[in-house]
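Welcome, and please open the model in your viewer. We will go from stop to stop, selecting residues and looking at what is there.

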Amino acid sequence: EGMAPPQRILFPPEKICMAWQQRQRPGAGLHNLGNTCFLNSVLQCLTYTPPLANYLLSREHSRSCRQEGFCMMCVMEAHVNKVLHSSASAIQPSTVISVLTRIGEHFQLGMQEDAHEFLRYTVDAMQRARLSGSSDLDISSQATTIVHQIFGGSLRSRVTCLSCKAISDTYEAFLDIPLDIKAASSLNEALEDFVKPEQLDGENGYKCSKCEQLATASKRLTIHRSSNVLTVCLKRFDAFSGRKISKVVQYPEYLDLGTYMSQAPGEPLLYSLYAVLVHEGYGCQRGHYYCFVKASDGCWYKMNDASVGLCDIKTVLCQRAYLLFYAR
């Protein structure tokens, strides 16, 4: 609605399988190769993303991949298969380390990086791999890759002129949602702030195309199309000072996204938590990253570089989370 339909569907949405197709014990931990905890924790969260793991374990991608040279989908397929099929307690994430500068040219082995930034670059590199050879695609078709079918949704920004009541909608695709936590003590509060209407007036007034004047208007952002996997970044690092917001922000095991949608769905739009990434320390470029993931056996594990240990949901829910991963 309001968005152009795709001219081509690159990956049929009905082929996305949200439940694990094979149940097994958790895979291997990942050795730290010198400040690579940011990379290890992001890779573990992606490895235990059920629809992505199902696809990569099927090796469907590599069987049809025609890409010359670097392909992030092939890299992830090799990595996930290695981790989940390994009998060792920990392995080296060498497949990914060897292409670190291809994922983002500023990433350097030995340098601590921001885990959220690495996640963004990795998912974007997977998206580019799926679009290679289809440069002439319209924007809506580009959002039908397996990557977007898993992580992607869209936001609607609606501006309502308060003089003549004219409505203007714009849409934007997202692969994750960064949330401000300065005024929020829970994920639900942060989401409420995210969709709270904002008034445009004075110098920041709205140039209304209908009544052709600088008018006072109301602007509201809502989730227009929800994603199969919802990745949330709790913005703990101040963009200007780099200082960290260390406060506790509560988050639930089950999240209903219905109230944050453009149109409220009839029944609850339920998501279940399956991974939590944590940062310890004062700034995103230093300190330590580790994560908690729910494996295909239904149990939670703390993954701290090479160490993989069983834990309970109570422990998972009382972390000072940086990234949260929910699946529909």
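**A first stop: charged pairs**

Select lysine 196 to begin: this residue is exposed, with a relative accessible area of 54%. Keep in mind as you look around that this is a predicted model.

Next, pick out Arg120, Asp124 and Asp176 together. Salt bridges with shared partners join these three into one network. Side chains of opposite charge can pair when their charged atoms come close.

How many salt bridges does a search of the whole structure find? The search finds six.

For another of these pairs, select lysine 182 and aspartate 180. Their salt bridge has its closest N and O atoms 4.0 Å apart. Lysine 182 is exposed at 56% relative accessibility, while aspartate 180 is partly exposed, at 38%.

Now move to lysine 15 and glutamate 60. Here the side chains meet in a salt bridge of 3.0 Å, taken from N to O. Lysine 15 sits in the segment before strand E1 (29-30) and glutamate 60 belongs to helix H3, so this pair ties together parts 45 residues apart in sequence.

**Inside helix H3**

Stay with helix H3, which covers residues 60-64, and select histidine 61 in that helix. Is histidine 61 buried or exposed? The relative accessible area of histidine 61 is 1%, so this residue is buried, the cut-off being under 20%.

Valine 278 counts as buried, at 2% relative accessibility. Which residues does valine 278 touch, not counting those up to four places away in sequence? They are His288, Tyr289, Tyr290, Phe292, Gln319, Arg320 and Tyr322.

Then try your distance tool on the C-alpha atoms of valine 278 and alanine 28. These two residues are 250 residues apart along the chain, and their C-alpha atoms are separated by 19 Å.

**Last stop: the largest pocket**

Rolling a probe the size of a water molecule over the atoms shows where empty space is left. The largest pocket has a volume of about 410 Å³. To find its centre, select Met3, Ala4, Ser140, Ala143 and Arg225, the closest to that point of the 19 residues in the lining.

Now show the elements around the largest pocket. Helix H8 (139-142) and strands E3 (153-161), E4 (167-174) and E9 (217-225) each supply at least two residues of the lining. Which of them gives the most to the lining of the largest pocket? That is E4, with three residues.

Finally, color the lining of the largest pocket by class. You will have 10 nonpolar, six polar and three charged residues in view.

Technical notes: Residues are numbered from 1 along each chain as its sequence is written. This is a predicted model: local features need pLDDT of at least 70, side-chain atom pairs count only at pLDDT 80 or more; totals for chains, interfaces and linings use all residues. Side-chain values use heavy atoms; hydrogens and water are left out. Helices (H or I, at least four residues) and strands (E, at least two) are DSSP runs, numbered from the N terminus. Buried means under 20% relative accessible area, exposed over 50%, partly exposed in between (1.4 Å probe, protein chains only). Contact means heavy atoms within 4.5 Å. On a 1 Å grid over the protein atoms alone, a cavity is a set of points where a 1.4 Å probe fits but cannot get out, and a pocket is an open set with protein on both sides within 12 Å along at least five of seven lines; lining residues have an atom within 4 Å of a point. Grid points are joined across faces, edges and corners, and a volume is the space filled by probe spheres set on the points. Ala, Val, Leu, Ile, Met, Phe, Trp, Tyr, Cys and Pro count as nonpolar, Asp, Glu, Lys and Arg as charged, and the others, Gly among them, as polar.
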